[in-house]
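Subject: Structure handover

Hello,

Here is the structure I promised to pass on. Please open it alongside this note, and read on for what was found in it.

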Amino acid sequence: MNPAQPTYDAQYFIDFFEAIPDERWITGYFDSGSPTKHCASGHIGFHMNRSGYEKGEALFELIGSSVAELNDGKHPKYQQSTPKARILAALRDIRDKEDK
């Protein structure tokens, strides 16, 4: 029997990204060459054919193609001080719209 597939909604990603410390986030690249420092896409393994493809598709479906812009501080609506804060702010906005 296969375990139940998680629901990759905004709250799933909020919980996932909240657990990652700020110092493990980077901008401009998927990863820093370190096994622990990544951008939002890198944290879910969505690059270089890693295992995060399904999660990555779900994240891009929620946020759109602006994941990198959000992470890197280039999205005009989300100018929080860290990549983590920007991604979380966008996801919370999406969640709040879903809840209405």
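The accessible surface of the chain comes to about 6,200 Å². Carbon and sulfur atoms account for 51% of that surface. Please keep in mind that this is a predicted model.

**Overall layout**

The chain has 100 residues, and 38% of them count as buried. It holds 5 helices and 0 strands. Read along the sequence, the pattern is α-α-α-α-α. Take the contacts between residues at least 6 apart in sequence: 48% of these join residues at least 24 apart.

**The core**

The largest nonpolar core has 21 residues. Those with the most contacts inside this core are Phe 13, Phe 17, Leu 59, Ile 63, Ile 87 and Leu 91. Which elements give two or more residues to the core? They are α1, α3, α4 and α5. The most comes from α5, with 6 residues.

Leaving out residues up to four places away in sequence, Phe 13 touches Tyr 8, Ile 44, Lys 55, Ala 58, Leu 59, Leu 62 and Leu 91.

**Helix α5**

Next, α5 itself. This helix has 17 residues, which at 1.5 Å a residue should span 24 Å.

Which residues of α5 are buried? They are Pro 83, Lys 84, Arg 86, Ile 87, Leu 88, Ala 89, Ala 90, Leu 91 and Ile 94. Their cover includes α1, α2, α3 (53–63) and α4.

**Salt bridges**

Side chains of opposite charge can pair when their charged atoms come close. How many salt bridges does the model have? The count comes to 3.

Glu 18 pairs with Arg 92, with the closest N and O atoms 2.5 Å apart.

Asp 93 forms a salt bridge with Lys 77, and here the closest N and O atoms are 3.8 Å apart. Asp 93 lies in helix α5, while Lys 77 lies in the loop between α4 (67–72) and α5, so the pair ties together parts that are 16 residues apart in sequence. Asp 93 is partly exposed, at 28% relative accessible area. Lys 77 counts as exposed, at 54%.

Asp 96 and Arg 95 also meet through their side chains, at 3.4 Å from N to O. Asp 96 is partly exposed at 37% relative accessibility. Arg 95 is partly exposed too, with a relative accessible area of 21%.

Last, a look at Lys 37. Lys 37 sits in the loop between α1 and α2 (40–43). Is Lys 37 buried or partly exposed? At 36% relative accessibility, Lys 37 counts as partly exposed. The C-alpha atoms of Lys 37 and Asp 22 are separated by 9.6 Å, with the two residues 15 apart along the chain.

That is the handover.

Best wishes

Methods: Residues numbered from 1 in each chain as written. Predicted model: local features only at pLDDT ≥ 70, side-chain atom pairs only at ≥ 80, totals over all residues. Heavy atoms only, no water. Salt bridge = Lys/Arg side-chain N within 4 Å of Asp/Glu carboxyl O. Helix = DSSP H or I, 4+ residues; strand = E, 2+ residues; numbered from the N terminus. Buried < 20%, exposed > 50% of the residue type's maximum accessible area, 1.4 Å probe, protein only. Expected span 1.5 Å × (residues − 1). Contact = heavy atoms within 4.5 Å. Areas by Shrake-Rupley, 256 points an atom, 1.4 Å probe, with all protein chains shown as cover. Core = buried A, V, L, I, M, F, W, Y, C linked by side-chain atoms within 4.5 Å.
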